Protein chains: 2
Amino acid sequence: MTKVRVHTISISLDGFMSGPDQNIDAPIGRGGHVLHEWIFETRAARELHAQAGGAEGADSDLLRAGFENVGATIIGRNMFGPVRGDWTEPLWNGWWGEDPPFHHPVFVLTHHPRESLVMAGGTTFHFVTDGADAALEMVKEAAGDGDIIVGGGASTIQQFLRSRAIDELHFAVVPIFLGAGERLFDDLDGAMDHYQCVGTTPSKRVTHYRWARVDAAL
Amino acid sequence: MTKVRVHTISISLDGFMSGPDQNIDAPIGRGGHVLHEWIFETRAARELHAQAGGAEGADSDLLRAGFENVGATIIGRNMFGPVRGDWTEPLWNGWWGEDPPFHHPVFVLTHHPRESLVMAGGTTFHFVTDGADAALEMVKEAAGDGDIIVGGGASTIQQFLRSRAIDELHFAVVPIFLGAGERLFDDLDGAMDHYQCVGTTPSKRVTHYRWARVDAAL
């Protein structure tokens with residue numbers, strides 16, 4: 001059965017999934033890039049970029065599992081780019097260059113309509129202005145038999161946790177402090193009471209946690 | 001050399017060291033007692049209470065190490081009790097009964113003067129109204145060759161992290177969510193940039209982190 005999943009979200013020991021002062025030169029905020037260093041050292045990440053090397057192990061296994069069987073992704077607009085308000089020329093086409101690493105449809109939640117954007121490698125960005133619930137229906141249709149990934153940022157994940165749309169959540173606690181930024185686990189109105197821990201996996205670099213919605217885990 | 005230490009602070013995955021709605025029936029706030037369950041299952045905790053049983057292992061070892069060579073403790077008033085404002089009869093004598101588990105001088109930061117309170121088993125509570133810096137000087141004198149423990153709560157630890165008074169910090173991340181309460185790592189004005197991770201120890205129940213001030217670790 002198709003699942004709605006969050007995977008490979010890295011948070012600091014003070015709970016931030018991005019640092020302060022996000023901008024075009026610092027898409028994950030000041031210091032935020034350090035959150036993702038463990039990813040780039042895995043064999044799984046190198047494979048995604050058709051590169052040699054990288055280490056096998058728990059980090060790589062969990063990363064690889066997260067990317068398996070994905071049919072579509074949904075993200076917030078701030079994760080798509082630094083542009084706010086109306087789309088203006090030159091149009092922002094995402095952080096990821098001509099061939100984004102998704103290779104499937106990506107739905108961007110926004111208040112500002114825009115034509116769908118076809119990129120190389122099978123990634124198409126669709127811009128959805130009908131709100132999160134309507135977007136989730138479109139994403140489910142587009143995903144077919146594949147899973148749906150809620151890709152971020154923090155407020156988009158929180159929205160879908162509050163509505164219990166998310167079945168599974170995998171995140172990694174990285175032993176750093178960012179001091180400020182966007183917290184993943186905030187403004188949840190008790191949503192996590194409906195989830196349970198289904199796995200804790202320490203690795204040399206981080207500690208992985210997997211949580212599942214209580215009814216989803218039965 | 002004598003050290004100023006924080007040890008055995010338990011925080012949830014969303015960063016809280018106590019739950020919401022702290023009161024006389026829920027000294028660690030709603031749900032907060034779950035943060036400490038791992039402690040009571042250790043051999044070291046049973047020893048402290050002169051009880052049999054309890055499990056050996058990383059949890060027990062780190063707990064035991066935290067309690068070794070302590071000369072004095074400093075805590076905030078809210079950790080001493082639920083009383084706010086002036087001390088009124090019947091006087092509150094702490095959460096810990098007639099024989100508190102400290103067995104050394106404990107300095108309570110407060111704005112409201114009060115006579116020192118001698119308990120059984122070597123614990124004396126002193127009430128310090130001259131502020132955190134003055135209190136720390138008194139605690140250092142009282143500690144002699146022993147270490148000084150900053151016992152909490154969150155705002156007291158934050159205060160001594162901001163002033164870099166703390167040399168070492170040991171905390172455990174417990175795989176639960178509390179949703180609200182007091183966060184340990186908040187309002188730190190970048191203080192943690194002056195600390196570095198000196199150990200990460202996963203156990204079956206929690207993940208332990210040890211941090212040290214950069215100059216203290218050299």
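Buried area is the accessible area (1.4 Å probe) that two parts lose on being put together, summed over both. In this predicted model, local features need pLDDT of at least 70 and side-chain atom pairs count only at pLDDT 80 or more, while totals for chains, interfaces and linings use all residues. Residues are numbered from 1 along each chain as its sequence is written, chains are lettered from A and ligands numbered from 1 in the order in which they are written, and side-chain values use heavy atoms, with hydrogens and water left out.

Between chain A and chain B, about 1,500 Å² is buried, and carbon and sulfur atoms give 68% of this area. In chain A, the residues that lose the most area to chain B are A:Leu13, A:Phe177 and A:Arg183, which together account for 37% of what that side buries. The contact (heavy atoms within 4.5 Å) takes 17 residues from chain A and 16 residues from chain B. Of the interface residues of chain A, 94% are also interface residues in chain B, so the copies meet through the same surface. Chain A is superposed on chain B by a rotation of 180° with 0.0 Å of shift along its axis, at an RMSD of 0.0 Å (least squares on the C-alpha atoms of residues with pLDDT of at least 70 in both). This is the relation of a two-fold axis.

The count of salt bridges (a side-chain nitrogen of Lys or Arg within 4 Å of a carboxyl oxygen of Asp or Glu) between the two chains is 2. In one salt bridge, B:Asp186 pairs with A:Arg183, with the closest N and O atoms 3.5 Å apart. Strand 8 (168–174), strand 10 (195–202) and strand 11 (207–213) of chain A are the elements that give two or more residues to the side touching chain B; strands (E, at least two residues) and helices (H or I, at least four) are DSSP runs, numbered from the N terminus. Strand 11 gives the most, with 3 residues. A:Arg183 counts as buried at 9% relative accessibility, whereas B:Asp186 is partly exposed at 26% (buried means under 20% relative accessible area, exposed over 50%, partly exposed in between; 1.4 Å probe, protein chains only).

Over all chains, the structure holds 22 salt bridges. Within chain B, B:Arg5 and B:Asp147 form a salt bridge with the closest N and O atoms 2.8 Å apart. This pair links strand 1 (residues 4–12) to strand 7 (residues 147–152) across 142 residues. B:Arg5 is buried, with a relative accessible area of 7%, and B:Asp147 is buried, with a relative accessible area of 7%. A second salt bridge in this chain joins the side chains of B:Asp167 and B:Arg213 (2.8 Å, N to O), and both residues are buried. In chain A, a network of salt bridges links A:Arg43, A:Glu47, A:Glu56, A:Asp61 and A:Arg64.

A:Thr123 is found in the loop between strand 5 (117–118) and strand 6 (124–128) of chain A. This residue is buried, with a relative accessible area of 0%. Beyond residues up to four places away in sequence, A:Thr123 touches A:Pro100, A:Phe102, A:His103, A:His104, A:Val106, A:Leu117 and A:Val118. A polar atom of the A:Thr123 side chain lies 2.7 Å from the backbone nitrogen of A:His103.

Definitions and conventions:
Polar contact = N/O pair within 3.5 Å; in protein donor to acceptor, adjacent residues only side chain to side chain.
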